[in-house]
Amino acid sequence: MTLPLILSPEVAAAKSEGAAIVALESTIITHGMPYPQNLETARLVEDDVRQSGAVPATIAVMDHAIHIGLTDAQLEALAQAKNVAKLSRADLAVCLATGGTGATTVAATMICAHLADIHVFATGGIGGVHKGAEETFDISADLQELSATPVTVVGAGAKAILDLPKTLEVLETLGVPVIAYGQPAFPAFWSRDSGLPAPLQLDEPAQIAAAHKMRGDLGLPGGQLVANPIPHEAEIPAATLAPMIAQAQAEADAQGIAGKGVTPFLLQRLFELTEGATLTANIALVRNNARVAAQIAQHLRA
Ligand code: PSU
Ligand code: MN
């Protein structure tokens, strides 16, 4: 049996040279940002990885294959495509088997990166435990994936639209190392400080790579979450966002938004309520994560 993986020419060359590679997700392109900023950001993030000494591998599902690395034409088509499926662990195989087009979330990107033997992945922020989860049971499959699949994920913490204390509790229960990069506080996506201490702190990419290797050596399944705070100059204070998050969440509840629709709805409403400020911040933080991931990937090279 051969895996349904197609490597882009750039990623195939990187593999044969043993170069550092950073996986990138595609749900942020199709469901996380509007066109054309999604395409511009995807290109910028890929260039950030290259300029930081690694090769980017944006991952998506098309025509019965998992694409590890997209050509610029594929990236452009995906950024403009309508009705792209949002793929997590549950949907990946069905999408591949039926020949659909799918964007990979953090969970699905981790699975695909691992299949392609890529160990580091940069995103904006992971999914987590939603506010009101005690009623809705809405807990992102990203958390479970971090406990199962050996990929180090660099994100700006978890989105402030989530219940962050509960998200950290679930990560602890699942045995996922949550490592704040360069500060003691767990960051909250658009803001540097969630007001919660991170369980762990490391200040050097080499240490994060060594911890990743040690986890594997010990036979512990799963990856690591590196929580990299948004750059100072791009931050939106948590107090500014709090009432808008509450409004967006109330609208989602009133409209009965559920399941996969919740995160895209909240991101879109915050973009509107902040007149684009959350999108500007989101672009800055994902680029920052790409640069850190590239450094970690270089230390993980065999
Ligand atoms: N980070 C962003 N924008 C996004 C996402 C992450 O900056 O759109 C996506 C990721 O793909 C993540 C998903 O896995 O949101 C979480 O969705 P859910 O809450 O439905 O699990
Ligand atoms: Mn969910």
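N282 makes contact, defined as heavy atoms within 4.5 Å, with I28, M33, F189 and W190, residues up to four places away in sequence being left out of the count. The structure is a predicted model, in which local features need pLDDT of at least 70 and side-chain atom pairs count only at pLDDT 80 or more, whereas totals for chains, interfaces and linings use all residues. Residues are numbered from 1 along each chain as its sequence is written, chains are lettered from A and ligands numbered from 1 in the order in which they are written, and side-chain values use heavy atoms, with hydrogens and water left out.

N282 is placed in helix α13, which spans residues 277-300; helices (H or I, at least four residues) and strands (E, at least two) are DSSP runs numbered from the N terminus. The relative accessible area of N282 is 4%, and the residue is therefore classed as buried, a term that denotes under 20% relative accessible area, with exposed denoting over 50% and partly exposed the range in between (1.4 Å probe, protein chains only). F189, one of the residues touched by N282, occupies the loop between β10 (185-188) and β11 (191-197). With a relative accessibility of 1%, F189 is likewise buried, and its phi is positive, at about 65 degrees, although the residue is not a glycine.

F189 is also among the residues touched by K159, together with G125, I126, G127, L164, T263 and L267, again without counting residues up to four places away in sequence. K159 belongs to the loop between β8 (152-155) and α9 (164-173). The residue is buried but has no salt bridge, and the nearest side chain of opposite charge, that of D142, is 6.2 Å away; for this assignment Lys and Arg count as positive and Asp and Glu as negative, while His and the chain ends are not counted. A salt bridge is here a side-chain nitrogen of Lys or Arg within 4 Å of a carboxyl oxygen of Asp or Glu. A polar atom of the K159 side chain does, however, lie 3.1 Å from the backbone oxygen of G125.

The structure contains 13 salt bridges. In one of them, R50 pairs with E10, with the closest N and O atoms 2.7 Å apart. Since R50 lies in helix α3 (residues 37-51) and E10 in helix α1 (residues 9-17), this pair ties together parts that are 40 residues apart in sequence. Both partners are partly exposed, R50 at 32% relative accessibility and E10 with a relative accessible area of 30%. R50 forms a further salt bridge with E46, for which the closest N and O atoms are 3.3 Å apart; these two residues both lie in helix α3, four residues apart, or about one turn of the helix. E46, at 8% relative accessibility, counts as buried.

In helix α12 (residues 262-273), R269 and E272 are three residues apart, about one turn of the helix, and they form a salt bridge whose closest N and O atoms are 2.5 Å apart. R269 counts as buried at 18% relative accessibility, whereas E272 counts as partly exposed at 37%. Elsewhere, salt bridges that share partners join E10, E46, D47 and R50 into one network.

Backbone geometry was also examined at other loop positions. E275, in the loop between α12 and α13, has a positive phi of about 55 degrees although it is not a glycine, and at 76% relative accessibility E275 counts as exposed. The peptide bond from Y35 to P36 is cis, with omega near 5 degrees, and P36 is situated in the loop between α2 (27-32) and α3. T71 is located in the loop between β4 (65-68) and α4 (72-80) and is partly exposed, its relative accessibility being 35%. The C-alpha atoms of T71 and T58 are 9.2 Å apart in space, the two residues being 13 residues apart in sequence.

On the surface, M1, L3 and L115 form a nonpolar patch with about 360 Å² of accessible area together. Patches are made of residues with over 30% relative accessible area and no salt bridge, like charges being joined within 9 Å and nonpolar side chains (Val, Leu, Ile, Met, Phe, Trp, Tyr) within 5 Å, and accessible areas come from the Shrake-Rupley method with a 1.4 Å probe, only the protein chains shown counting as cover for residues. L115 lies in helix α6 (residues 106-115) and is partly exposed, with a relative accessible area of 35%.

Key
Polar contact = N/O pair within 3.5 Å; in protein donor to acceptor, adjacent residues only side chain to side chain.
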